[in-house]
Amino acid sequence: MATTSALMFFAVGIFMVGWNGPTNIAGAADCNIATGDCVTDAPQKKGACFEACSRIPEGCKKNVDRFGKQQKYQCHCKELKECDFANDGTCAGECLEGYSGPNCQQRLYHKFIEKGNPTHGHLFRAQNKKCADLPLKVHFYNLYRINTIMLTIEDLNDEINVTAGQDDKLSCVLTSDTTLKCQGDSFTDSLNIQGTGMCVRNIQLLGCPPELYGENCLQKCNCMNGSTCHQLRGACQDGCETGWHGDDCQSPNYENVAKGKFAFISNVFSYPKTVFSDGICEEKSVTRFANLSIDGIYDSSYQHAACASSKWMKRPFWYVVFDQSYPINQIRIYNTDTYRSRLKGFVVLVDPSVCLESRNDEHLQDVIDVKCEKVKYAIRVIILLPVDWGQLSLCEVEVLQCLPGFYGVRCKEFCDLCYENRCDQFSGDCTDGCVTGYNWNKTTSLCEECERGTFGQNCSRQCNCFDNTECHHVTGVCPDGCPDGYKLPDCQEETAPLDITLIVTLAVLGVLLLVCVIIICCWCYKRGKTREDKSELTTSSYVTMNERDHQKNSFQEERTTTTTTTASETQ
C-alpha cells in the first residue's frame with residue numbers, strides 16, 4: 001500500500017498535435033453527440049458540429065441554449081425551461097448527461113469515452129469490475145480539455161507515472177489508499193499510465209469549456225481576443241481582454257455608470273413575437289422595457305426577450321439618466337443577434353452634444369465601441385435613429401468611467417508612473433505629478449526619469465556625489481561616495497564641524513572630573529592612614545601597659561622574697 005511519503009506525484013503532460021477522430025466532417029450528420037463530439041474543442045469539429053450540438057425546441061427559429069456576451073456560453077440543463085439565462089445559465093433541475101456543477105458547465109469526459117471506446121470503455125464506467133494492468137495507454141475518440149484526472153488503482157504505489165499531453169505537468173496527490181487525483185491544464189486525446197504491480201479499475205476525466213475555468217467551471221475567462229484561459233487559475237497566455245487586469249484577468253479597469261440607472265425608450269415594443277417560454281417557442285407579447293439594456297446581463301438573444309426595443313416609428317430614441325454629472329467620451333453598445341441592419345445610421349448624443357453619427361458599418365458589429373472626439377460632462381446619454389420609419393433595439397449599453405490608475409481606450413492603460421497612480425482618465429496626464437525620481441514632460445505628456453544631476457520628488461533635488469558623478473534618480477544615493485564633509489547615503493547632509501564651546505565645556509568638565517577623582521583618592525588615602533596610626537597607637541599602649549604590669553609584678557616578687565629572707569634570719 002502507498003505510504004504518506006507517496007502523497008505527491010508529478011505527471012508530465014504531453015499535448016497531442018493531432019487527433020484520432022475523422023478528418024472529413026461534412027456537416028451535422030457526422031457529429032455524434034453520444035461519443036463526445038459536442039465536448040471537444042478540436043477546430044475540425046467545433047464549427048461543423050455547432051448546429052448539431054445546439055438545441056432548437058419546438059416552435060423556435062434557431063437555437064435557444066446559447067446566451068451571454070456574443071452568445072458564447074451554452075446551457076446544459078437537462079430541461080431547457082429550467083435554465084436561468086439571466087443568471088449565467090444556472091439550472092433549477094438536473095444536468096444533461098456528461099455535465100455537472102451548479103451551472104452544469106463542468107464536462108465529464110468519461111461519460112462519453114465509455115460509449116465511444118470499445119477497448120477501454122469499461123474503465124470509465126463507475127461500476128466497472130474488470131481491472132486493467134499497468135502500464136496502460138488509452139486513446140480517446142476526440143481531443144479534450146482536461147483539468148482533473150481521478151484514478152482508482154489497486155495496489156497503488158509511488159512508482160506510478162501519469163502523462164496526458166506534451167509539455168504541461170500535472171500535479172498528482174493521493175486522496176485515499178486507492179485513489180490518485182491529478183490536476184493541470186491539458187489538451188489531449190490520450191492518457192498514458194506507467195507503473196508495475198498495479199491495475200486500474202476506474203478513470204474519470206473532467207474539464208471546462210474554453211470560455212470558463214475554476215472549481216465547477218463557474219468563473220469566466222477574460223482573455224485577449226477571446227482566447228482560452230488556464231482551466232484552474234484563469235491566467236491568459238496572451239494577456240487580458242481590454243478592460244480587465246490581474247493574474248486571472250478578473251479585475252475590471254472601468255465602471256459602467258449606466259448600469260441600474262433610469263432609462264427610457266420611445267414607444268416601448270410589446271407586440272407578440274416568437275420568444276422562448278416554458279420549454280418551447282411561441283408567439284407571446286413581452287414588453288421590451290428600456291431598463292433591459294442597463295441590467296448587466298449582456299444576453300443578445302432575441303428569443304430570450306433580453307433586449308430593449310421600441311416600436312416601429314419615426315425617429316425612435318433611447319436614453320439613460322445618471323445620478324450625477326460625469327465626464328463622458330466612451331460608450332459601448334451591445335448589439336442584437338438578429339436584424340442588425342435596423343441600427344444603421346444611429347446617432348449617439350452626450351446631452352446635448354453629438355458624440356457619433358454612424359456613417360459606416362458599425363451597426364454590424366457584435367459590440368460597438370463609441371469614442372467621442374471631446375470629453376463632455378453630462379447626466380444623460382441618448383441613442384437615436386434619425387429615420388422616418390425604424391425600430392431601435394439595444395441589448396446593453398455601457399457608459400465607461402475609468403477606475404483610479406487607468407486611462408485610455410477602454411481604460412486599458414495603467415498610469416503607474418503617476419504619484420499614487422492618479423491620472424486623468426482620458427489623457428493619462430498625472431494630476432498630482434509623477435512618482436519620486438520622475439518629472440512631468442509637458443511636450444511628450446509623459447513622466448520621464450530625472451535628468452542627470454537631479455533626483456527625488458519632481459526631480460527638485462541636486463545630486464552631490466564625489467567628483468560630480470551621477471546619483472540614483474529616486475534615492476539620490478551616490479555609488480562612488482560623497483565629497484569631503486558630507487554623509488552617506490545621499491551626501492545631502494554635511495558632516496558636523498566641532499564646536500569650540502562644546503570643546504571648552506567638555507575640557508572643563510574633564511578637569512573638574514579629574515579634580516574630583518584626585519580629592520576622592522586623597523580622602524580615601526588619608527582616611528586609611530588615620531586608621532593605621534590609630535591601630536599602631538593602640539598596640540603600643542597595650543605593650544607599655546603589659547611591660548608596666550610585668551615590672552610591677554617583678555618588684556612585688558622581689559619585695560616578697562626580701563621580706564621572707566629577713567624573717568628567717570631573725571629567727
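# Exercises on aromatic rings, disulfides and backbone geometry

The charged end of Arg380 lies over the ring of Tyr319, 5.1 Å from its centre. The model is predicted, and local features need pLDDT of at least 70, side-chain atom pairs count only at pLDDT 80 or more, and totals for chains, interfaces and linings use all residues. Residues are numbered from 1 along each chain as its sequence is written, and side-chain values use heavy atoms, with hydrogens and water left out.

**Exercise 1.** Determine over which ring the charged end of Lys69 sits.

*Solution.* The criterion requires NZ of Lys or CZ of Arg to be within 6 Å of the ring centre and within 35 degrees of the ring normal. The charged end of Lys69 sits over the ring of Tyr298, at 4.6 Å from its centre.

**Exercise 2.** Classify the pair formed by the rings of Tyr99 and Phe112, and locate both residues in the chain.

*Solution.* Rings of Phe, Tyr and Trp (its six-membered ring) pair if their centres lie within 6.5 Å; planes under 30 degrees apart count as stacked, over 60 as edge-to-face and the rest as tilted. A search of the whole structure finds 14 aromatic pairs. For Tyr99 and Phe112 the centres are 6.5 Å apart and the planes stand at 75 degrees, so this pair is edge-to-face. Helices (H or I, at least four residues) and strands (E, at least two) are DSSP runs, numbered from the N terminus. Tyr99 belongs to strand β6 (residues 99-100) and Phe112 to helix α2 (residues 109-116), so that the pair links distant parts of the chain, 13 residues apart. Tyr99 and Phe112 are both buried, where buried means under 20% relative accessible area, exposed over 50%, and partly exposed in between (1.4 Å probe, protein chains only).

**Exercise 3.** List the buried residues of α2 and name elements that cover them.

*Solution.* The buried residues of α2 are Tyr109, His110, Phe112, Ile113 and Glu114. Their cover, with contact meaning heavy atoms within 4.5 Å, includes β6, β7 (106-108), β9 (136-154) and β13 (199-207).

**Exercise 4.** Classify the pair of Tyr302 and Tyr339, and state whether each residue is buried or partly exposed.

*Solution.* The ring centres of Tyr302 and Tyr339 are 6.2 Å apart and the planes are at 85 degrees, so the pair is edge-to-face. Tyr302 lies in the loop between β21 (280-285) and β22 (308-309), and Tyr339 in the loop between β23 (317-334) and β24 (347-350); this pair links distant parts of the chain, 37 residues apart. Tyr302 is buried, its relative accessible area being 10%, whereas Tyr339 is partly exposed at 44%.

**Exercise 5.** Determine the handedness of the disulfide between Cys95 and Cys104, and describe the backbone of Cys104.

*Solution.* A disulfide is a pair of cysteine sulfur atoms within 2.5 Å, and the search of the whole structure finds 22. Cys95 and Cys104 are joined with an S to S distance of 2.0 Å. The torsion about their S-S bond is about -80 degrees, so the disulfide is left-handed. Cys104 is found in the loop between β6 and β7 and is buried, with 1% relative accessibility. Although Cys104 is not a glycine, its phi is positive, about 55 degrees.
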